[in-house]
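Biologist: I have a chain open and would like to go through it piece by piece. Can you take my questions as they come?

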Amino acid sequence: MAKDKVTIRTIGSTFPKTEVKTSCGKLTLPDEYEGQWFVLFSHPADYTPVCTSELISFANRREEFNRLNCELIGLSLDEAHIHEEWLADMEEKFEVNLDFPVIADEEAELARRLGLIHQSEEARTERATIIVDPEGTIRLIDFYPIEIGRRVGEVLRALDALQVSDENDVTLPANWPDNELIGDDVMVDPDEARERDSKRQLHGDWWFCHRQL
Ligand code: BEZ
């Protein structure tokens, strides 16, 4: 494994340009998905139970990602031939189509550049999810512990919310579109709300104003 300095990427940073080996051949990221969103999800190790369940859950909802102009790409430090064997075994055992690429980051080059290496177990990646927009900007980073599989529906919700936020220049509340207080309404920026309130254009507290999309 290469001993490059570990980088921590933050939301808003550019996805590092990297050529990767995958279960579907070589790709250059983020260029491969220019003009599209992509979700990169890393898993700790092939042929492990929670990771198996996650790959299958992502595969089962792949069409929903695609409808949001988004591709899926997995990543671990396992070798490409191990990925291929594991993916084929899962396809056969669970009758699922797993034809999205899974990066074989054998030298941990991309994992290090993204800050995805587990701090005390150098030989594995974290259970991380990174959403990247069509300009190659990292828009969301999420880490889950080794013991718990991710909820794929939340990744889809966050992707949808990011797109709605971008398209309408709005912010979205907790659990959107099913917020306990305001349903599928969106938030009004406090500065804008205060100004509109002073002109009596808006009722309610300036720090919690909402409207329909
Ligand atoms: C898993 O179940 O995903 C897992 C188990 C042990 C090590 C790494 C992953």
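Biologist: Start with A108. Is A108 buried or exposed?

Modeller: A108 is buried, because its relative accessible area is 0%. Buried means under 20% relative accessible area, exposed means over 50%, and partly exposed is in between, with a 1.4 Å probe and protein chains only.

Biologist: Where is the place of A108?

Modeller: A108 is in the loop between β5 (102-104) and α4 (109-114). Helices (H or I, at least four residues) and strands (E, at least two) are DSSP runs, numbered from the N terminus.

Biologist: What is phi of A108 near?

Modeller: Phi of A108 is near 60°, which is positive although the residue is not glycine. Most residues other than glycine have a negative phi, and most peptide bonds are trans.

Biologist: Before I go on, what sort of model is this?

Modeller: This is a predicted model, where local features need pLDDT of at least 70, side-chain atom pairs count only at pLDDT 80 or more, and totals for chains, interfaces and linings use all residues. Residues are numbered from 1 along each chain as its sequence is written, and side-chain values use heavy atoms, with hydrogens and water left out.

Biologist: Back to phi. What is phi of N69 near?

Modeller: N69 is not glycine either, and its phi is positive, near 55°. N69 sits in the loop between α2 (62-67) and β4 (70-76). N69 counts as partly exposed because its relative accessible area is 34%.

Biologist: Now the peptide bonds. Is the bond from W176 to P177 cis or trans?

Modeller: The bond from W176 to P177 is cis, with omega near 10°. L29 and P30 are also joined by a cis peptide bond, where omega is about 0°.

Biologist: Where is P30 found?

Modeller: P30 is in the loop between β2 and β3. E32 is found in the loop between β2 (25-29) and β3 (37-42). E32 has 42% relative accessibility, so E32 counts as partly exposed.

Biologist: And where is W176?

Modeller: W176 is in the loop between α5 and β8, and P177 is placed in the loop between α5 and β8 (186-188). W176 is buried, because its relative accessible area is 7%.

Biologist: Which residues does W176 touch?

Modeller: Not counting residues up to four places away in sequence, W176 touches R157, D160, A161, V164, D184, D185 and V186. Contact means heavy atoms within 4.5 Å.

Biologist: How many Å apart are W176 and E91?

Modeller: W176 and E91 are 34 Å apart, C-alpha to C-alpha, and 85 residues apart in sequence.

Biologist: New topic, helices. How are two packed helices described?

Modeller: Two packed helices are described by the angle between their axes and the distance between the axes.

Biologist: What are those values for α1 and α3?

Modeller: Helix α1 (residues 49-60) and helix α3 (residues 80-94) pack at an angle of about 70°, and their axes are 11 Å apart. Axes are lines fitted to C-alpha atoms, for helices over the stretch in contact, and angles run from 0 to 180 degrees between N-to-C directions. The two helices, α1 and α3, are therefore roughly perpendicular to each other. Angles under 35 degrees count as roughly parallel, over 145 as roughly antiparallel, 65 to 115 as roughly perpendicular and the rest as oblique.

Biologist: Which residues make the contact?

Modeller: On α1 they are C51, T52, L55 and I56, and on α3 they are W86, L87, M90 and F94. T52 counts as buried because its relative accessibility is 14%. Leaving aside neighbours within four places in sequence, T52 is in contact with W86, M90 and F94.

Biologist: What about I146, which residues is I146 in contact with?

Modeller: Leaving aside neighbours within four places in sequence, I146 is in contact with P44, V50, R124 and R127. I146 lies in the loop between β7 (138-144) and α5 (152-168). At 40% relative accessibility, I146 counts as partly exposed.

Biologist: Last one, the whole chain. How many helices and strands are there?

Modeller: The chain has six helices and nine strands. Of its 213 residues, 45% are buried. The C-alpha atoms fill a box of roughly 65 × 40 × 35 Å along the principal axes.
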